[in-house]
Amino acid sequence: MTVSQERGGGLASHRGLVHISPMTNIPAPSREVLFDLELFVDWCTRTIATGANYADYDAAFGPMSDALFPPPAVGYLRDDADLRRRLARCMSRAVWKQTPHPAHRYAAAALPAPERNAACHCGSGRKYKQCCQLIERDIPIVRMNLLPYLLDALPRKRWAELSDSRIDRDMVAHTAQEWSEQGRNKDALSLLEPWFGDDTRFDTRHELLFDLLLDAYTSLGKPRKKSALLDRALAHGDRDIRSAAMQRRVTMLADDGDYPRAWALFAQAQRSDPESPSLSHLEVTLLLSQGREGEARERARFWLLRFERRRDPALADLIGLLRNVVNEGGKAFLRVAADRDPSVAEFLDLWQSVPPITAQYTLQVHGDSAGELRPKRGLKTALALWDDVFASIADSPLQDAAGGAVWALAPAWLAVLETHPQLWNAFTVLDEMVHAAIALPIAGATGIIDELLDRGEQVLRETIRANAAVGLKLEWGWLDNRPALNLLGGRIARDLENAPTPENLERLEWLVRTLNPNDNQGFRSALLRRYLELDRHTEALAFADLYPDDFAAMRYSRALALFALGRGGEATTALSDAAQEYPKLLVWLLKPNPKAPRMSPLGIRLGGDDEAWIYRREHLDLWQRLRALDWARAVAASRRR
């Protein structure tokens, strides 16, 4: 479904050239006043909002005509007072006919169509066909959505009236979408929430409003309300709404990194509505977000052939996108973003011309420590300029959890990157560019994120090689080392979304066993899991023993390593001890079909339900493959006795 109306289309708008406070207190026009379409519409809709009938509306408009449609400024067009009066009257009639009327339960209020040979309604004395007929045909207001103006004139508490009225739902959707694009997400929420006050609206007719309300919850950081709305939609919706709700759940799970459940729910959505075109976009997006570009291209080709056979014009945009994914992979999504945003286009251009990788840092090697990463003189100067730019972004009122200011203020940091290309070898800059790419709400950003993380790793390896620091520690305690370690950690986090390979295992071992053995970033549990997945159980146990009396995940996985090695008595003791200190992990591990707990925005609670849920999500398949769950149940039962 698309909404085609465009607010403000047709004439130039000059808000602020004429000030209006109370509706009747408009200052006398001056010869320097230009016509302001928004002011004109605003006055008309505010009058309509009072509940006036057309006779009163028209009578009130007469004395206001010159103020709302003033003569042209000196030096512009010749003033034709008669034509201007007729234009003003025709436009006021158009606003009346296009505005949802509170007095008519928010339906438009029609006016009788004048007979061609009847006297014109404007009062000129001429026949309608010789006067205003041609003017009314071309009035630009017929291409405007006037609901936003009306709502601005009504108390917010009355907006709820729309949900039980005769309003055009497309008009409501367009208004909510426009407000969201303007950053008026709270207003969009107030407009949309009443439509789903009960469970009777979860049907195809309200699907767009449902989607927009979910978007508003996302923008305002209201995950609980979003989740509750999805639960209601799944329980009470028709097939289309249930399919849309399941697809939303899929994206939420993928955003949380829970790809097994995301794909399971995707399969359920596919069974529920196998002909839904949006499934193609969702599947390709999921694959790209996991870095599975080859599979994404293959599935895009499958969907493309399927949709081309339908010959449905409504699928033209989707077909075009799928064709581009077949040819370009994730870059197809980036190209769409670049077409919409010049800053994204400039960023991609700069990325295509990055300089070669060179070591721009020195290290102070001492014993088994590489010491602190210190930028060389030229890079240090460029970094000072860069830091000035990003300090302003961090303090910007546009900044939000999604990185809103990063792209809103992109011209500033793009200019620094263009004039100082050596910054592409700076860990701080690469780290911040990863976060900028993450802030792009497109699947194609995944490829750029991976490329940035790869470059960060390559710069780090070259820097360590050039400083003769291979095999030494790069401690987290030095603040200037953290961006480099963050980049490597980000690369590893991406690896952990897929099956282990020799390459990504080496990367993980390099970080945890060489560079940062204190593991300030929390990757030791992931390395232990990798050893177990690869059936390297002896190495797993030896590694776990490097961190005695560690947190829950390490202790449970150590017990699993003992079990896999056939050391049953020691394994039982280790699991019992772990469950004694962290009982919830064992409970969640053995739950048959648990629902994810509420995650705290403040972080993971040690020994809490959220930590237990994450361990289950990441390790359950491993416990099942090693046939360890029955043993775990026996341990749990013995603890209850």
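Reply: Start where α8 passes α10: the crossing is right-handed. A crossing gets that name if the near helix is turned clockwise from the far one by less than a right angle; anticlockwise makes it left-handed. Helices here are DSSP runs of H or I with at least four residues, strands are runs of E with at least two, and numbering goes from the N terminus.

The model is predicted, so local features need pLDDT of at least 70 and side-chain atom pairs count only at pLDDT 80 or more, while totals for chains, interfaces and linings use all residues. Residues are numbered from 1 along each chain as its sequence is written, and side-chain values use heavy atoms, without hydrogens and water.

Two packed helices are described by the angle between their axes and the distance between the axes. Helix α8 covers residues 207-219. Its axis comes within 10 Å of the axis of α10, and the two cross at roughly 20°. Axes are lines fitted to C-alpha atoms over the stretch in contact, and angles run from 0 to 180 degrees between N-to-C directions. α8 and α10 are therefore roughly parallel. (Under 35 degrees counts as roughly parallel, over 145 as roughly antiparallel, 65 to 115 as roughly perpendicular, the rest as oblique.)

Who touches whom? On α8, the contact residues are E207, F210, D211, L214 and D215. On α10, they are D240, I241, A244, A245 and R248. Contact means heavy atoms within 4.5 Å. By type, the residues of this contact divide into 5 nonpolar, no polar and 5 charged. (Nonpolar covers Ala, Val, Leu, Ile, Met, Phe, Trp, Tyr, Cys and Pro; charged covers Asp, Glu, Lys and Arg; the others, Gly among them, are polar.)

Helix α10 has another link, through R249. R249 forms a salt bridge with D231, with the closest N and O atoms 2.3 Å apart. (A salt bridge is a side-chain nitrogen of Lys or Arg within 4 Å of a carboxyl oxygen of Asp or Glu.) R249 lies in α10 (residues 239-255) and D231 in α9 (residues 223-236), so the pair ties together parts 18 residues apart in sequence. R249 is buried, at 16% relative accessible area. D231 is partly exposed, at 31%. (Buried means under 20% relative accessible area, exposed over 50%, partly exposed in between, with a 1.4 Å probe and protein chains only.)

Now set other helix pairs beside this one. Helix α12 (residues 278-289) and helix α13 (residues 293-308) have axes that come within 8 Å and cross at roughly 170°. They are therefore roughly antiparallel. α12 brings L279, S280, E283, V284, L287 and L288 to the contact. α13 brings E293, E295, A296, R299, A300, W303 and F307. The division is 8 nonpolar, 1 polar and 4 charged.

Next come α21 (residues 445-466) and α22 (residues 482-495). They pack at about 130°, with axes 9 Å apart. That makes α21 oblique to α22. Their crossing is left-handed. From α21, T446, D450, L453, D454, G456, E457 and L460 take part. They meet A484, L487, L488, G490, R491 and R494 of α22. These residues divide into 5 nonpolar, 3 polar and 5 charged. A salt-bridge network links D450, D454, E457, R461, R491, R494, D495, E497, E503, E506 and R507.

Salt bridges turn up elsewhere too. The whole structure has 53. One of them joins the side chains of R89 and D58, 3.4 Å from N to O. R89 lies in α3 (residues 81-98) and D58 in α2 (residues 54-68), so this pair ties together parts 31 residues apart in sequence. R89 is buried, at 16% relative accessible area. Helix α3 also holds S92. S92 is buried, at 0%. Apart from neighbours within four places in sequence, S92 is in contact with F40, C44, Y57 and F61.

Last, the whole chain. Its secondary structure comes to 30 helices and 4 strands. The C-alpha trace spans about 105 × 65 × 50 Å along its principal axes. Of the 641 residues, 47% count as buried. Of the contacts with a separation of 6 or more, 64% are between residues 24 or more positions apart.
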